[in-house]
Amino acid sequence: MPTFDIVSEVDKQEVRNAIDQVNKEVSTRFDFKGSDARVEQVDYQLTVFADDEFKLEQVSDILRIKLTKRNVDVRCLDTGQIEKVSGNKVKQVITVKTGLDSELAKKVVRSIKDSKLKVQASIQGEVVRVAGTKKDVLQETMHLVKKLIDDFPLQFQNFRD
């Protein structure tokens with residue numbers, strides 16, 4: 001029975017490389033001379049530091065550009081509130097979302113079942129497994145999910161015959 005998995009994954013090494021590029025660019029740019037602007041990473045949590053909100057927005061824009069160039073979908077970024085640190089310095093926490101949360105997984109399964117395609121969709125942790133009798137039906141399911149879920153990056157893996 002052919003199956004595939006619907007997942008949402010982000011390559012941690014590509015995120016690390018993009019952060020290194022951002023920090024390198026910020027350290028060499030003239031408009032950031034003498035400023036304490038940088039990006040730090042702990043697992044999938046990024047913290048952007050800057051002297052003021054304007055520079056924080058600039059660093060965030062550079063981060064998004066570098067992530068896009070490294071094929072990391074920026075729709076998986078969850079931007080937090082801007083917080084004051086000390087003096088005029090500010091920081092912002094950006095979380096890189098990985099895996100399907102239960103609400104999104106339920107939405108995917110519900111949309112597959114409402115489509116009346118002859119497939120079975122089941123939630124297995126942070127993965128939605130879809131099984132069907134023919135490859136063509138599974139490919140139709142992939143196209144359906146791509147059309148319906150456009151606000152969060154999804155990948156299709158483990159396509160088995």
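Reader: In what kind of crossing does helix 3 pass helix 4?

Author: Helix 3 passes helix 4 in a right-handed crossing. The model is a predicted one.

Reader: Which residues make the contact?

Author: Helix 3 brings Val108, Ser111 and Ile112, and helix 4 brings Thr141, Leu144, Val145 and Leu148. They divide into five nonpolar, two polar and no charged residues.

Reader: At what angle do the axes of helix 3 and helix 4 cross?

Author: At roughly 125°, with the axes coming within 10 Å.

Reader: What makes helix 3 oblique to helix 4?

Author: Roughly perpendicular ends at 115 degrees, and roughly antiparallel begins over 145. The crossing is at roughly 125°. Therefore helix 3 is oblique to helix 4.

Reader: Helix 4 also holds Val137. Why does Val137 count as buried?

Author: Buried means under 20% relative accessible area. Val137 has 16% relative accessibility, so Val137 counts as buried.

Reader: What does Val137 touch, leaving out residues up to four places away in sequence?

Author: Leu117, Lys118 and Val119. Val137 and Pro2 are 135 residues apart in sequence, yet 9.7 Å apart in space, C-alpha to C-alpha.

Reader: Turn to Lys66, in helix 2 (residues 53-69). Why is Lys66 called buried?

Author: The cut-off is under 20%. Lys66 has a relative accessible area of 15%, so Lys66 is buried.

Reader: How do you know that the side chains of Lys66 and Glu25 are joined by a polar contact?

Author: The limit for N or O atoms is within 3.5 Å. The contact between these side chains is 3.1 Å. Beyond residues up to four places away in sequence, Lys66 touches Ala18, Gln21, Val22 and Glu25.

Conventions. Residues are numbered from 1 along each chain as its sequence is written. This is a predicted model: local features need pLDDT of at least 70, side-chain atom pairs count only at pLDDT 80 or more; totals for chains, interfaces and linings use all residues. Side-chain values use heavy atoms; hydrogens and water are left out. Helices (H or I, at least four residues) and strands (E, at least two) are DSSP runs, numbered from the N terminus. Buried means under 20% relative accessible area, exposed over 50%, partly exposed in between (1.4 Å probe, protein chains only). A polar contact is a pair of N or O atoms within 3.5 Å; within protein, one must be able to donate a hydrogen and the other to accept it, and residues adjacent in sequence count only if both atoms are side-chain atoms. Contact means heavy atoms within 4.5 Å. Axes are lines fitted to C-alpha atoms, for helices over the stretch in contact, and angles run from 0 to 180 degrees between N-to-C directions. Angles under 35 degrees count as roughly parallel, over 145 as roughly antiparallel, 65 to 115 as roughly perpendicular and the rest as oblique. A crossing is left-handed if the near helix is turned anticlockwise from the far one by less than a right angle, and right-handed if clockwise. Ala, Val, Leu, Ile, Met, Phe, Trp, Tyr, Cys and Pro count as nonpolar, Asp, Glu, Lys and Arg as charged, and the others, Gly among them, as polar.
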